[in-house]
Amino acid sequence: MAVQELVSRALAHDVRAVSRLISIVEDRREGFEEVYASIYPHTGKAHVIGVTGPPGSGKSTFVDKMALEYRAAGRTVGVVAVDPTSPFSGGALLGDRLRMQRHALDEGVFIRSMGTRGRLGGLSTATSGAVDVLDAAGFDVVLIETVGVGQSEVEIASLADTVILIQVPGLGDDIQVIKAGIMEIGDVFVVNKKDRPGVERVVAEIKMALDLSAPGGHPEGGADRDADRRQWRPPILMTMAESGEGVAEVVEACAAHLEHLGGAGLMERRLRRARAETMEIVSQRIWRGLRERPDARQEAERLAAAIAERRIDPYSAAIDLYKLLISAESARG
Amino acid sequence: MDQENLKAGYDRWKSGPYTKAKTRFAERMERFEGSSGMEIEPLYTPLDTEHLDYLNDLGFPGEYPYTRGVQPTMYRGKLWTMRQYAGFATAEESNARYKYLLEQGQTGLSVAFDLPTQIGYDSDHELALGEVGKVGVAIDSLADMEILFDGIPLDKVSTSMTINAPAAVLLAMYIAVAEKQGVSADKLNGTIQNDILKEYAARGTYIFPPKPSMRLITNIFEYCSANVPKWNTISISGYHIREAGATAVQEVAFTLADGIAYVEAAIAAGLDVDDFGPRLSFFFNSHNELLEEVAKFRAARRLWARIMKERFGAKDPKSLQLRFHTQTAGSTLTAQQPDNNIVRVTLQALAAVLGGTQSLHTNSRDEALALPSQDSVRIALRTQQIIGYESGVADTIDPLAGCYYIEALTDKIEKAAMDYIKRIDEMGGAPAAIERGFIQKEIEDSAYRYQMEIEEKRRIIVGLNEFTIAEEPPKGLLKVDPAVGELQKSKLAKLRASRDTARVEATVAALGEAARGDANLMPLILDAVRAYATLGEICGVLRGVFGEYKPGGAR
Amino acid sequence: MDENRKIRVLVAKPGLDGHDRGAKVIARALRDAGMEVVYTGLRQTPEQIVAAAIQEDVDVVAMSILSGAHGHLFPRVTQLLKERGVDDVLVIGGGIIPDEDIPALKAAGVAEVFTPGTSTAETVKFIREHVKR
């Protein structure tokens, strides 16, 4: 099917077209740039919410219950659930859907599972591509679920308008998510499985970490933090995702956060995302050029040899190579 | 014998003649191991059992720690109960099969229910479509149960029912049928499986979340200890854990960990360990690796006795005895050259008998293909009879005891299982370990390893990956008439039209009300059953109050 | 261009039976063969399976049934896929399925039926050779 027809059907909320478009952008299939160009004007309406936390924190169950809350309020929900790809085989077991299958027959919920696929940073563009498709197709809320173990997954969550960090007592290393650099991206903190022992400790640790990163208290002075952060104190909410207890409050907090961001704050978030995405795409193109163009590969080899023989320094060599790639890119248009 | 001389002799043999022979002719495998990955030595000697203290670690039959068996005379008094799991299609057809089996010399009944029954749906529920009467008999109400046991005196047989999530309802139906036969509940003998934890971990036929499920179980414990004292209120099952892929050690460990959780739940509900302890029973699998299996049964028995005595302070000797039913391993049967399965089942049944089982189901040769035919069921039963009456293994108690390998392995399995139980305790017990997916993951890993061993021919399965032949598709397989679903539906419609609706509604509503509180639900379930409320209606009202379990657990 | 393309498989257990050993083993084997496997768990209705297959845009739907309900459930899945206009998804099944039932299942659009004893390698090979896109 032609890309344009798929796009117009997806904009009319056709499930199969939405699904196929996600595949096209995820796989970078023929015509994916065209898909972006066509759908992008229709995006920006959904409230994009990132949900991340360590394995075993009950993220999928939590996302399932959030979707339930939004549906009860009459809002449609897209979910992008990202699971790690096996570095050995390149395959992946995508098990998040297991806990969300109750929504399978609800046309107002669209769930898509994705593997991280070991892409060199390309994960964020694949994920945000899926988010854009769902946004353009008119889903009111898009939830991105990622495993909060690696920096890259956390960065994906940070592409969202609102980021939920889930923590759970009794996982051994209670502060594994609350590491420097990760704490800052949380807009709403959730302590799930609140009936477990050790829950107070987790709450106290989050509070302490928040105090450290609060305005003025931030180790780096907080000068380059978002303006919104200076007034938004992230709430810490306790839930039992299994029974759904407390999830409604999290949904309310997300709405409050969006309202707090207002026009300017949201713009700032999206600007940040746009910057990151653009840089990502640029670097991907450079990588692709290096991989796919024989002349570039040859030149890279030649320069490497020259560097090794001390005939040229690495920086000058890199600039030469960069110029070669750029000239070809612009010649191709 | 002088241990030092023995040690010197062993070392001389191992580094001398053994190593020399091994260097000249390599052994069949670099490393020999059992199902649990524990290395098997070329030879076992008294050195491997010298740390054992006979009285403390083995003891005498019928005495603590019951390593040698739970009864003083074992099979010299009476052979194990030969109990073939059966049931399919309608109550009428299953009733005919039970009568046939009893005529053939079977000594106990074992009821298989279809999946809608096991999950608490009536035969006319939309999810029951295509499933009615397939893997067992369809029971929708007391009316079906009356037909199922028609002409079978319930004070004379012992009946085992493989039912878990709705166990309370089926037990209530059984009690109600007995009432109609004029048999009082205190005369009833039998078992309900009633083991919900392994459903979450391995078998998948759960209904309610863990908390209300555990409540139903302790309600049954309490009700039966007062009213149905001879009934085995739970059959804590390793069978399905093993079928799902676990090793022998995992089977023992996860089953006993589940057992610990039930005991803790009952004690927390205010029961005394010796009130329900004697009614706990177990259900194990028996695989092909004969010696490992024998050791497994013995290890399980000793470990449970120690747990009940040391951890829970049980005093009644009956609380300390691990009594178990065994079924041969369905997952070992091959669809290829199915007659070979008769031999596998023989080995497995022999292991169960040498391991001291209280009752036994032997699988039929065609179970990897379809439901067992009558001929196959008869051969399976004959296998038990040949072991019991012809082989002589039942004539002395625990005949493999003292075998260096068996004793060393019994000890190793007990220790390895205890290590697992400690890890599970650290996670907060079996329910917590299941919730976080630990037990499922361990089982899945073992299942995958086993499959890969077969595919890479590191494990030979005769007729499957070696010694194969070209075969014609088998004939004469049992098929359940697809009309069973319709038939069951029409019976149900008739029942709904003819019963006292007001009484049904009142009893079901009362049950729902009680479920919200903390009363024992058994009497209320019995009232609803007697009023001919259906299984689906009873489970439905409980679903409304308790909610339904959704599988979680990280993978 | 399609360097990122992976075979995506939905592994599902339709019906009520809880024996998912086979489904889980095959899910892992497919992952180890480099495929992306979406596992939907137990007690899935044909409607849920088809909806998931469409949203996940999978190349293959692999189902396992041990209860004997295959005669009803497998054809229902292929029929629903057809009704939704999906004609490029490979549907395969496995479980305890008598040989004599297989022709009817194939006629209903199930591409292959794997009975007990089939190696995971055979299943992987079949999928690789028969994916429709």
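**Rings, charges and a contact between chains**

Me: In this predicted model, what makes the charged end of A:R28 count as sitting over the ring of A:F32?

Reply: The charged end of A:R28 lies 5.1 Å from the centre of the ring of A:F32, and the cut-off for such a placement is 6 Å from the ring centre, together with a position within 35 degrees of the ring normal. In chain B, the charged end of B:K309 likewise sits over the ring of B:Y64, at 4.2 Å from its centre.

Me: Why is the pair of B:Y239 and B:F283 called stacked?

Reply: The ring centres of B:Y239 and B:F283 are 5.0 Å apart and the planes stand at 0°; since rings pair when their centres lie within 6.5 Å and count as stacked when their planes are under 30 degrees apart, the pair is stacked. The two residues are 44 apart in chain B, with B:Y239 in helix α9 (residues 239-243) and B:F283 in strand β8 (residues 280-286), and the pair thus links distant parts of the chain. Over all chains the count comes to 24 aromatic pairs, and one aromatic cluster is formed by B:F282, B:F284, B:F297, B:W304 and B:F324.

Me: How do you know whether B:Y239 and B:F283 are buried or exposed?

Reply: The relative accessible area is 7% for B:Y239 and 5% for B:F283, and because buried means under 20%, B:Y239 is buried and B:F283 is buried.

Me: Why is A:T85 called buried, and what does its side chain meet?

Reply: A:T85, which is found in the loop between β2 (77-83) and β3 (92-94) of chain A, has a relative accessibility of 12%, and as the limit for buried is under 20%, A:T85 counts as buried. A polar atom of its side chain lies 2.5 Å from the backbone nitrogen of A:R117.

Me: What makes the meeting of A:R112 and C:E56 a salt bridge?

Reply: The distance from N to O between the side chains of A:R112 and C:E56 is 3.9 Å, and a salt bridge requires such a distance to be within 4 Å, so the two side chains meet in a salt bridge. Between chain C and chain A the count is five salt bridges, alongside 24 residue pairs in polar contact, both residues at pLDDT 80 or more. On the side of chain C that touches chain A, α2(C) gives the most, with six residues.

Me: How much area is buried between chain C and chain A?

Reply: About 3000 Å² is buried between chain C and chain A, with carbon and sulfur atoms giving 45% of that area, and the contact takes 33 residues from chain C and 38 residues from chain A.

Methods:
Residues are numbered from 1 along each chain as its sequence is written. Chains are lettered from A and ligands numbered from 1 in the order in which they are written. This is a predicted model: local features need pLDDT of at least 70, side-chain atom pairs count only at pLDDT 80 or more; totals for chains, interfaces and linings use all residues. Side-chain values use heavy atoms; hydrogens and water are left out. Rings of Phe, Tyr and Trp (its six-membered ring) pair if their centres lie within 6.5 Å; planes under 30 degrees apart count as stacked, over 60 as edge-to-face and the rest as tilted. Helices (H or I, at least four residues) and strands (E, at least two) are DSSP runs, numbered from the N terminus. Buried means under 20% relative accessible area, exposed over 50%, partly exposed in between (1.4 Å probe, protein chains only). Contact means heavy atoms within 4.5 Å. Buried area is the accessible area (1.4 Å probe) that two parts lose on being put together, summed over both. A polar contact is a pair of N or O atoms within 3.5 Å; within protein, one must be able to donate a hydrogen and the other to accept it, and residues adjacent in sequence count only if both atoms are side-chain atoms.
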